[in-house]
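Reader: I have a sequence and a model to read. Where should I start?

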Amino acid sequence: MKNLISIVIGIIVLLVGARWYMQQSAAKEAFDKHEALIAETNECLDMAEWNCAEKNVRALLKESPDDQNLQLHLAGILYEQERYEECIAYIQSRNFTNADFDFLKQKSESLIREMQELQLERSMHFRVEFEGRPARKDIMEALAVLEVAYDSLCHLFDFRPENKMHLVLYESSQYQGVGPRPEWVGAVFDGKLRIPVNVMAYREIYRPMFFHELTHAFVRAMTRYHVPLWVNEGIAQVIDASRTENPRPEGAAPSVGALTTPFVNENSTAVAVKLYWYSQAMVERLLARNSSLIHFRDFIQNMRALGDEPALQKFYGVTTQQLLDEVR
Ligand SMILES: [Zn+2]
């Protein structure tokens with residue numbers, strides 16, 4: 001009898017324990033899932049991957065519908081996707097009263113008004129903003145050229161970006177986006193394509209400029225990763241074709257380190273010219289091994305998971321140092 005009782009107690013303890021364990025692991029699994037969702041959301045927001053960000057923020061809002069931070073993110077995502085009417089409607093429907101929501105609502109309203117005043121349709125692949133008062137003719141021409149360049153790049157890399165690209169057309173040649181930049185940078189891609197619309201008067205300048213910056217935008221859309229700078233600048237120059245056949249700059253070759261850090265921090269034109277030249281020459285050496293840009297796309301898309309050097313080894317059987325030695 002005593003034995004039977006201890007067996008029964010033993011079984012009960014076991015069952016309770018198993019149940020507790022299962023509850024704990026279910027809770028842990030839910031917690032891990034939630035954490036993974038937050039991590040992915042932050043990454044999508046950082047990389048301006050608005051479709052993914054919207055999907056995730058909506059999922060998080062199901063868990064906590066009154067979280068104002070999430071609500072603000074959703075309004076911001078709608079705004080960033082050029083869905084200005086939806087953004088305004090969302091803010092109005094919730095009666096949000098907070099400076100950040102007001103800002104998004106006013107900005108959306110003024111962008112709708114601007115597009116109407118300029119008699120502009122929404123562009124297929126670009127979400128356009130203006131700085132200053134660019135002429136309608138220049139805007140239309142810039143957008144037409146950009147659409148053509150966009151189609152060429154989709155074809156070359158066999159890749160269609162999921163999100164519209166954020167384009168800032170600005171008027172002043174002085175304006176250089178965020179912070180002071182050296183004068184040799186005319187257009188930049190810093191998450192947004194910033195194009196000085198004044199260049200529309202100079203066809204020989206704007207075509208390579210658009211192809212160059214758009215390539216950077218594609219590289220980011222393809223990878224969501226900061227590829228080494230020589231890879232990024234190299235491919236952008238190969239595509240824009242404006243410096244091809246330039247002679248090698250005088251002096252010693254730059255170091256691998258210098259070729260991997262951001263060039264825009266470079267204030268000396270001579271050093272910058274050198275870094276750009278070596279970047280292009282090194283990417284040309286890659287393409288001499290395999291000329292397919294689809295293979296190149298696979299290469300940069302694998303850098304994140306494999307690591308930069310292992311990806312280089314796997315796709316082209318070479319190291320950064322070897323490439324540099326080949327072109328110096
Ligand atoms: Zn560049």
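Author: This is a predicted model, in which local features need pLDDT of at least 70, side-chain atom pairs count only at pLDDT 80 or more, and totals for chains, interfaces and linings use all residues. Residues are numbered from 1 along each chain as its sequence is written.

Reader: Which residues of H10 are buried?

Author: Helices are DSSP runs of H or I with at least four residues, and strands are runs of E with at least two, numbered from the N terminus. A residue is buried if 20 or more other C-beta atoms, placed from the backbone, lie within 10 Å of its own. In H10 the buried residues are Lys274, Tyr276, Trp277, Tyr278, Ser279, Gln280, Ala281, Met282, Val283 and Leu286.

Reader: How far apart are the end C-alpha atoms of helix H10?

Author: The expected span is 1.5 Å times one less than the number of residues. Helix H10 (residues 269-289) has 21 residues, so it should span 30 Å, and this agrees with its end C-alpha atoms, which are 31 Å apart.

Reader: Which residue in S4 is the bridge partner of Leu169?

Author: Two strands pair if DSSP finds at least two bridges between them. Strand S2 (residues 165-170) and S4 run parallel, joined by four bridges. In S4, Leu169 has as its bridge partner Ile195.

Reader: Which residue stands opposite Leu193 in S4?

Author: Strand S3 (residues 188-189) pairs with S4 in the antiparallel sense, over two bridges. Leu193 and Ile195 point one way from strand S4 (residues 193-196), Arg194 and Pro196 point the other way, and all are buried. Opposite Leu193 stands Phe189.

Methods
A residue is buried if 20 or more other C-beta atoms lie within 10 Å of its own, exposed if 12 or fewer, and partly exposed in between; C-beta atoms are placed from the backbone.
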